[in-house]
Structure formats: C-alpha cells, structure tokens
Amino acid sequence: MSQLQANHFSHITLRPYTPEDCEEISILFYETVHTVNAKDYSRQQLDVWATGSIDLAAWNKSFLAHTSFVAVDGETIAGFGDIDSSGYLDRLYVHKDHQGIGIATALCEKLEASVESATVTTHASITARPFFEDRGYVVKREQQVERQGILLTNYVMEKQLSPLFPAKK
C-alpha cells in the first residue's frame with residue numbers, strides 16, 4: 001500500500017455489520033454499481049443489476065446469516081462485504097469515493113480469515129475480476145446471469161486458502 005493509500009485508510013475501521021447499516025449499504029450498493037461498474041456494463045444492465053429497490057428485510061436477514069463486515073469512515077459506511085459458512089463470498093462493494101485505498105482488500109482479508117473452508121468462491125463482475133485475480137482467485141468459468149430478461153456477464157472464481165495458514169475459527 002502506498003503512503004497515500006495508507007494515509008487515506010488510516011481513519012477507516014472495520015466492524016461487524018448491524019441491522020442499522022442495511023439502508024445505507026443499499027444506497028452504497030446502488031451508487032457503486034451505477035458509477036464504478038459503468039465502464040464494463042451498459043446502462044440497461046446496470047439498471048437491472050441495481051434497481052434502487054432492494055428488499056431491506058431480506059438483505060438484513062442474509063447479512064445476519066453470513067459473516068458480514070462494514071468499513072466505516074467516521075460515521076459513513078465506505079464499504080461492505082459478506083461471506084457464508086461454505087466460503088461463498090456473496091457481496092463486496094466499496095463506495096465510489098473510496099476506491100483504490102485498500103478497503104476491498106481489508107474487507108476481503110477479514111472475510112477470508114473468518115471461514116473454515118479451504119476454498120473461497122465468488123461470482124465476480126467484469127469490473128471486480130482483476131481485483132480477485134490479484135488476490136489469487138482463479139476463473140473457473142464465465143457465466144451469463146439473467147435479470148429481468150437482460151444478460152450480465154460475471155465470473156465464477158475460486159481461491160484455495162493456504163493450508164499453512166488456516167482460516168481463523
């Protein structure tokens with residue numbers, strides 16, 4: 001991490017998700033998809049990926065069922081991620097104004113360390129694929145996911161966690 005990145009990240013803290021985070025996370029998700037991912041997906045694809053109408057109760061339930069963390073900058077959520085007990089990394093998003101300073105890396109490291117599984121899998125967007133490849137994930141296959149009749153490309157990716165450094169229990 002460069003000195004600039006270290007300076008920007010020094011005031012970011014990671015903490016467990018709480019139900020009070022869900023609405024702010026849903027806004028972060030929408031804004032991130034519609035800005036950061038706009039270079040790799042069409043407007044129509046972005047609109048069906050992040051509609052702006054999330055079932056907050058369902059999202060909250062899934063965050064509570066998974067190991068979920070948020071990155072906080074003061075009182076503002078700068079990123080979030082969650083992983084289930086099988087090692088499926090479900091969501092990992094960083095606010096559009098906090099990109100490139102190590103938040104996704106810190107969240108990913110915390111999530112990976114939280115599982116007992118020897119393998120972590122994720123479905124990475126075109127935009128996120130290079131980030132995951134840099135972390136040692138390997139593309140298993142490209143796939144087309146249909147949302148409201150619109151196809152979106154993503155990648156099933158997998159990472160073998162080191163047996164020398166098992167995940168924390």
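**Buried cysteines, helix packing and strand pairing**

Cys-108 is buried, with a relative accessible area of 0%. The model is predicted. Cys-22 is also buried, at a relative accessible area of 3%. A disulfide is a covalent bond between the sulfur atoms of two cysteines. With a cut-off of 2.5 Å between cysteine sulfur atoms, the count comes to zero disulfides.

Cys-22 belongs to the buried set of helix α2. That set also holds Ile-25, Ser-26, Leu-28, Phe-29, Thr-32, Val-33 and His-34. The helix covers residues 22-35. Its 14 residues should span 20 Å at 1.5 Å a residue, and the end C-alpha atoms are 20 Å apart, so expectation and model agree. Cover for the buried residues of α2 comes from elements including α3 (43-49) and α4 (56-65). Strands β2 (67-73), β3 (76-83) and β4 (88-94) are also among the covering elements.

Helix α4 has four named buried positions: Trp-59, Asn-60, Ser-62 and Phe-63. Viewed down the helix axis, the buried residues of α4 fall within an arc of 165°, so they line one face. An α-helix has 3.6 residues a turn, so residues three or four places apart point the same way. The buried residues of α4 pack against α2, β2, β3 and β4. Exposed residues Ala-57, Lys-61 and Ala-65 sit on the face turned away from the buried side.

Strand β2 is mostly covered, with five of its seven residues buried. It pairs with β1 (residues 12-16) in the antiparallel sense, through five bridges. β2 is also antiparallel to β3, over seven bridges. Val-70 of β2 takes part in both pairings: it stands opposite Arg-15, and its bridge partner in β3 is Phe-80. The β2 and β3 hairpin has two residues between the strands. In this hairpin, Gly-74 takes a positive phi near 70°.

Beyond its neighbours within four places in sequence, Ala-124 is in contact with Arg-129, Phe-132, Asn-154, Tyr-155 and Met-157. Val-156 is 32 residues from Ala-124 in sequence. In space, the two C-alpha atoms are 6.5 Å apart.

How values were computed:
Residues numbered from 1 in each chain as written. Predicted model: local features only at pLDDT ≥ 70, side-chain atom pairs only at ≥ 80, totals over all residues. Heavy atoms only, no water. Expected span 1.5 Å × (residues − 1). Buried < 20%, exposed > 50% of the residue type's maximum accessible area, 1.4 Å probe, protein only. Contact = heavy atoms within 4.5 Å. Arc of directions from axis to C-beta. Pairing = 2+ DSSP bridges.
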